[in-house]
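Here are a few exercises to work through with the model open beside you. Try each task before reading its solution.

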Amino acid sequence: LDRTPTTVNDDVALYGIDAVTKPAWEATDFTLDEPENDDTFCLLGLHQLFEPLVPEFYADHDLVEVLERVNIDIDGLALGDYHQTESGIIDGVPAWYAGSTERCATDEVEPRTVSLLEIEDGNLERRELELDTREFESIRIEFDEDDSHGYARDELDRHQLDGKVAIVTLTGERTPVTSSDVYDMAIDKDAAVCKVDDSRGRRQL
């Protein structure tokens, strides 16, 4: 998708603008080619972090500014780059982040979704469809002071990690086995994503 409309069923025009770097933002032209029919439903896709849907400390820009800079009336804003599902009405225009379609980090526990859009007679209905995504595998490895790399590897071998998000917690005594070593072992066992929390040697006060 680009600034020229991709027309669907003669009554929906799809536009797309890819991510714009912060230095280029002010000089970027947001002009869109007008659709053939005045009553066409215009949907604009943007790959950027915008407030107010995204928290201010994450956001790059204000979504209201985009609506002010485009030259045509937008009926819907389909947004990407934010991995959470968020939606709202911005200056009268429905806007939403559908979220990521796959778990890309260990803190992304919520189900992943896609948005199904139904547009009829200029009216938009949106439904979220849950996806079958990567499973989480939580592993706890407790070390004695004599435990080595082989022990850590044996503990990981007890789990099936293929394509999963592995969350590994290390407890007990400190040993020559580092958190980086355990991370590499998990990735070697085909974990898609791995996070290692090394709590060894900590004492409760």
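Two strands count as paired if DSSP finds at least two bridges between them. Keep in mind that this is a predicted model.

**Exercise 1. Work out how strands E9 and E10 are arranged, and find what sits in the turn.**

Step 1: Locate the strands. E9 covers residues 113–120 and E10 covers residues 123–130.

Step 2: Check the pairing. Eight bridges join the two strands, and the cut-off is at least two, so they pair. The strands run antiparallel.

Step 3: Pick out one bridge. Ser 115 has Glu 128 in E10 as its bridge partner.

Step 4: Look at the turn. E9 and E10 make a hairpin with two residues between them, and Asp 121 in that turn has a positive phi of about 55°.

**Exercise 2. Find which residues of helix H3 are buried, and what covers them.**

Step 1: Go to residues 179–188, which form H3; Val 182, Met 185 and Ala 186 are buried there.

Step 2: Look down the axis. The buried residues of H3 fall within an arc of 95°, so they line one face of the helix.

Step 3: See what lies over that face. The cover includes helix H2 (149–157) and strands E12 (165–172) and E13 (193–198).

**Exercise 3. Is Ala 24 buried, partly exposed or exposed?**

Step 1: Ala 24 is in the loop between strand E2 (12–17) and strand E3 (41–47).

Step 2: Apply the cut-offs. Buried means under 20% relative accessible area and exposed means over 50%. Ala 24 comes out at 31%, so it counts as partly exposed.

Step 3: Ala 24 and Ala 59 are 35 residues apart along the chain, and their C-alpha atoms are separated by 16 Å.

**Exercise 4. Describe the largest pocket: what is its volume, and which residues line it?**

Step 1: The volume is about 160 Å³.

Step 2: The lining includes Glu 34, Asp 38, Cys 42 and Ile 72.

Step 3: Sort the lining by class: five charged, three nonpolar and two polar residues.

Definitions and conventions. Residues numbered from 1 in each chain as written. Predicted model: local features only at pLDDT ≥ 70, side-chain atom pairs only at ≥ 80, totals over all residues. Heavy atoms only, no water. 1 Å grid on protein atoms, 1.4 Å probe; cavity = no way out; pocket = protein on both sides within 12 Å on 5 of 7 lines; lining within 4 Å. Points joined across faces, edges and corners; volume = space filled by probe spheres on them. Nonpolar A, V, L, I, M, F, W, Y, C, P; charged D, E, K, R; others polar. Helix = DSSP H or I, 4+ residues; strand = E, 2+ residues; numbered from the N terminus. Buried < 20%, exposed > 50% of the residue type's maximum accessible area, 1.4 Å probe, protein only. Arc of directions from axis to C-beta. Contact = heavy atoms within 4.5 Å.
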